[in-house]
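Trainee: I am new to this structure and would like a guided look. Could you take me through it?

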Amino acid sequence: MSPDPGVLAAFAEPHDAARAIRALREGGFDDVRAAMPAPYPEVLAAVGKPRSFMAFASLPGAAVGVCAGLALTIGTSLAWQLVTGGKPVVSMPPFVVISFELAILAGAISTLGALVGAGAWGGRRREFPRDPRFAVAGVGVYAAGGDPERAAEILRACGAVEVDDVQ
Amino acid sequence: MSPNPRPSPTRLERAVLAMHGRPGPGYLLLLALCGGLAAWGAYAFYRLFTQGLQLTGLGRPVGWGNLICNFVFWVGIAHCGTLISAILFLFRARFRTAVYRVAEMMTVFAVMTAGLFPVFHLGRPWLAYWLMPYPNQRGLWINFRSPLVWDVFAVSTYLTVSVVFLLVGAAPDAAALRDATTGLRRRLYALLAFGWRGTDEQWRHYTRAYLFLAGFATPLVVSVHSVVSWDFAVSLLPGWHSSLFPPYFVAGAILSGVAMVITILVPLRRAFHLEDIITPHHLDMLSRLVVLTSLIVGYAYLTEFGLALPQPASDPERATFLYRATGHYAPFFWTMVTCNCVLPLLLLARRVRRAAWALVAVCVLINVGMWLERWVIIVTSLSHDRLPFAWRTYAPRWPEWALTFGALGWFFLLFLVGLKVLPPISIAEMKEAQAHAAAPSGTGTLAVEVSHVA
């Protein structure tokens, strides 16, 4: 899948890239994307996307873990009723330990699954031109759609080291 | 802009690629040494497998010895990785950036080592799967009220979450290395990168997911060693039955873990010329953690004695603690106190903290002390319990020592192999810190060479 036509610029510094993204958005470019080797907060803030939905994967995962832990411990204790030390067959304090561990386990695995899924889905939805330099250094800013000449002008004015059209 | 130009690696990528390069004779020698130790341990396990626990020094009343000491010791070593990567991440402690990947690797390999010991100790290791709940024809289920079953769940969860945390953290770094290399290495890094391309969309989810994973790992790190301490604390044995155990064990685990991280980091930075990445500041901050946790451990030792000694002379708790300090195993006890409470105080001196090899010497001795701590807790209590006619001393035999040193070899073997596969420095986080350190007022340049990031 190739990205939408647009203009790709390379920046040496994250704050220049952030400035360029803001300028592009103010100039009417709605679809501005970035790629970088580190999570520069100023660039992520400038792109202006809403907060990630990860919490909606992590917390239900943890809740499923709690329920699975309680079901496993209570269910198996009732299925094989072994009294030890005169304690109740269904003893909640030790069962909380198992439920807690399974909550952490399921929460972590669901977070991982959501991260992998979101990365793959996001990559397809908002394709970025393949340029391995941005995994190593600098920041890539891509203005998809709109007037390419106007975008290139804004990007150069904000300190882009290199600007190129992507068809 | 040229299509898909191959980027030239920065200092950080070069440092990691140098570590992943062709191994030198020193590396191969260490690998052979660790492999030899691990093979000795494997041979001892074979002998235990075929002839049973009769080969060990275990018996009545000391049914737990070296093998369980090793389990607790390695779970403790594993704790530091999560402390440095997750807890210090949540506290925004910047010094963790350069060192946390090594600590995370150490965590995973230490849990993999710890998990072997309960299996060795089973006597019939081929029945280890009985520890897991699974439907069977007899309708039997495991006893969830047993702390040994809690251990199974706690340690396996800890291993899984630690592996997830390590791999998620390493994905952006693997992508940077993938894009700076060719051939087989490129394929390996591509596998570890999980399709990472560093887009804003990926980072947006990644930063949030990493935060949640750190949030999950933080209570986990406290719970795992608490659960391990309950193996002892929920029994009625004098010297074990104490509500002090969970915080005492967690502090001890962090002490031994940080000491092990320093023990590994100092030779690593020397061997791979990482002095500009892992700076004296990083070692200094880790040393302070050692001092802090050593003081907590010392306080726990004092509290144990402070609670036991005022009891009447007939009290078994009092007798056990007096036995620890003055009985058959007293030399081990006092070595433990010296290594864990006295020697770390040397690190209060800035000169010792900044002298890398003095620091390593102190940290190695701390780990000797922490291993002895587990030995003192387990063996003195069992050998001297409530029934004087059953008192008996315990001495480990060769298979137990072979497994103890074999585990050391196995751990370092895994670590040496891991160094050649995983990026031992967090390139992405270092770059973020570097960019913001280089341009505090928004006018600086994005330095590609690492300077004093700390």
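Predicted model: local features only at pLDDT ≥ 70, side-chain atom pairs only at ≥ 80, totals over all residues.

Trainee: Why is strand β3 of chain A said to be largely enclosed?

Mentor: All 6 of the 6 residues of β3(A), residues 139-144, are buried, so the rest of the structure largely encloses this strand. Buried means that 20 or more other C-beta atoms, placed from the backbone, lie within 10 Å of a residue's own; 12 or fewer means exposed, and in between is partly exposed. Strands are DSSP runs of E with at least two residues, and helices are runs of H or I with at least four, numbered from the N terminus.

Trainee: Which residues cover each face of β3(A)?

Mentor: A:V139, A:V141 and A:A143 lie on one side, with A:G140, A:Y142 and A:A144 on the other, and all are buried.

Trainee: How many bridges join β1 to β3(A)?

Mentor: Strand β1 (residues 6-11) is joined to β3(A) by 6 bridges and runs antiparallel to it; A:G6 has A:A144 as its bridge partner. Strand β2 (residues 32-35) is also antiparallel to β3(A), with 4 bridges, and there A:A34 stands opposite A:V141. Pairing requires at least two DSSP bridges between two strands.

Trainee: What does A:V141 touch?

Mentor: Leaving aside residues up to four places away in sequence, its contacts include A:A9, A:F11, A:A34 and A:L155. A contact means C-beta atoms, placed from the backbone, within 7 Å.

Trainee: Changing topic, how many helices and strands are in chain B?

Mentor: Chain B has 16 helices and 0 strands. Buried residues make up 50% of its 454 residues, and its C-alpha trace spans about 85 × 60 × 40 Å along the principal axes.

Trainee: Is B:R374 buried or exposed?

Mentor: B:R374 counts as buried because it has 24 C-beta neighbours inside 10 Å. This residue is found in helix α14 (residues 356-383) of chain B.

Trainee: And what does B:R374 touch?

Mentor: Not counting residues up to four places away in sequence, B:R374 touches B:C69, B:V72 and B:F73.

Note on methods. Residues numbered from 1 in each chain as written. Chains lettered and ligands numbered in written order. Contact = placed C-beta atoms within 7 Å.
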